[in-house]
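Please keep the sequence and the coordinates open while you read.

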Amino acid sequence: MATSRRRKPQADETPQYSPEELLKYYREMLLIRRFEEKAGQMYGMGLIGGFCHLYIGQEAVVVGMQNVLIPGDSIITSYRDHGHMLATDMDPKGVMAELTGRRGGYSKGKGGSMHMFSREKKFFGGHGIVGAQVPIGTGLAFGHKYSQDGNINVTYLGDGAINQGQVYESFNMAALWKLPVIYVIENNKYAMGTSQHRASAGELCERGSAYGIPGHVVDGMNVLAVREASEEAAAHAREGNGPVILEMKTYRYRGHSMSDPAKYRTKEEVTKMRTEMDPIDNLKKLLLDNGSADEDALKAIDRDIKNIVAEAAEFATQSPEPDPAELWTDILVDA
């Protein structure tokens with residue numbers, strides 16, 4: 001069996017993380033949370049149109065993963081992508097401006113929530129078709145191996161994408177060619193609205209076992225557990241051992257998109273997850289308990305984050321809309 005279960009790091013193990021590291025993770029998760037809360041508000045005000053899928057609740061996954069990557073590593077994800085953009089250090093102003101369809105956005109206002117990119121940050125989307133990013137991410141990993149640049153690819157996908165045929169074709173090729181790729185399944189339990197247990201047989205982390213791909217279950221609500229598992233997976237891929245699958249057990253607090261009332265789960269279930277498993281609250285408790293920070297310091301971080309998000313919203317609403325002539329640009333791009 002290629003699968004193993006990972007344990008949750010205990011409180012007495014946390015000295016391996018410096019106060020600076022813990023505060024960095026706290027700040028990055030809080031930025032995603034506050035940004036997404038503001039995006040939800042702006043959507044309700046009619047300033048953001050189309051589809052909008054918020055990442056609230058899943059922040060530990062991308063923050064823990066991204067903090068083990070090195071310059072040149074590439075990432076790709078699905079349409080629940082704002083958190084991934086911020087975790088790759090894309091400018092919140094450019095991300096919010098793209099959400100509002102403005103010229104100052106990362107795709108010049110033409111991509112919106114699901115389709116923005118940053119070649120500089122090696123962020124390759126944002127893809128609106130379920131599972132479509134998986135073969136593209138596999139291709140990015142092939143590019144890393146072909147050029148022998150020492151980098152890896154991280155391909156994020158949801159539990160709702162795991163049954164797509166193109167996912168298995170990608171697993172097969174990645175295993176055959178020992179591509180440096182980590183497939184991160186963000187299992188938030190409900191895909192678009194159907195419980196994972198009603199839609200997918202077996203453990204998702206075992207889906208690569210037929211190809212010899214090791215798979216691990218990770219507590220996706222614990223940023224330290226994610227970082228630990230990600231570090232091991234990155235070393236495995238970087239050393240030429242081929243792909244790894246990490247199934248992050250996580251949870252989204254909001255509906256699949258802003259238009260989803262999420263009636264397929266109880267309010268009690270959501271409340272229980274928010275009160276007992278919230279990744280930001282639990283890290284905050286750890287910071288306070290081990291003396292890495294006090295309440296005043298954490299409040300100051302929150303104020304700073306709120307200012308950053310407010311500035312991003314202001315920039316987004318003040319940035320002009322794209323010129324109609326932009327319809328004819330960026331159709332072909334020189335590689």
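The points below go from confidence and overall fold to single residues.

1. Basis. This is a predicted model: local features need pLDDT of at least 70, side-chain atom pairs count only at pLDDT 80 or more, and totals for chains, interfaces and linings use all residues. Residues are numbered from 1 along each chain as its sequence is written, and side-chain values use heavy atoms, with hydrogens and water left out.

2. Confidence. pLDDT is the predictor's confidence in each residue, from 0 to 100. The protein has a mean pLDDT of 93. In all, 95% of its residues reach 70 or more. Residues 1–15 have a pLDDT below 50. Beyond near neighbours in sequence, this stretch has 28 contacts in the model (contact means heavy atoms within 4.5 Å). Where pLDDT is low, the predicted coordinates should not be read in detail.

3. Overall fold. The protein has eleven helices and six strands. Helices (H or I, at least four residues) and strands (E, at least two) are DSSP runs, numbered from the N terminus. The C-alpha trace spans about 55 × 55 × 40 Å along its principal axes.

4. Burial and contacts. Of the 335 residues, 51% are buried. Buried means under 20% relative accessible area, exposed over 50%, partly exposed in between (1.4 Å probe, protein chains only). Among contacts between residues at least 6 apart in sequence, 76% join residues at least 24 apart.

5. Aromatic pairs. How many aromatic pairs does a search of the whole structure find? The search finds eight. Rings of Phe, Tyr and Trp (its six-membered ring) pair if their centres lie within 6.5 Å; planes under 30 degrees apart count as stacked, over 60 as edge-to-face and the rest as tilted. One of the pairs is Tyr17 with Tyr25, edge-to-face at 6.5 Å centre to centre and 75° between the planes. Tyr17 is buried at 8% relative accessible area. Tyr25 is buried too, at 3%.

6. A pair on a helix. Phe142 and Tyr146 are stacked, 6.0 Å centre to centre with 25° between the planes. They sit four residues apart in helix α5 (residues 133–147), so about one helical turn separates them. Phe142 is partly exposed at 39%, and Tyr146 is exposed at 69%.

7. An aromatic cluster. Tyr190, Tyr251, Tyr253 and Tyr264 form one cluster.

8. Asn222. This residue lies in the loop between β5 (215–219) and α8 (223–238). Asn222 is buried, at 13% relative accessibility. Its side chain reaches the backbone nitrogen of Ala225 at 3.0 Å.

9. Backbone points to check. Most residues other than glycine have a negative phi, and most peptide bonds are trans. The peptide bond from Gly125 to Gly126 is cis, with omega near 25°. Gly126 is in the loop between α4 (92–99) and α5. Gln148 has a positive phi of about 55°. Gln148 lies in the loop between α5 and β3 (153–158) and is exposed at 70%. Lys178 has a positive phi near 50°. Its place is the loop between α6 (165–176) and β4 (181–187). Lys178 is partly exposed, at 48%.

Definitions and conventions:
A polar contact is a pair of N or O atoms within 3.5 Å; within protein, one must be able to donate a hydrogen and the other to accept it, and residues adjacent in sequence count only if both atoms are side-chain atoms.
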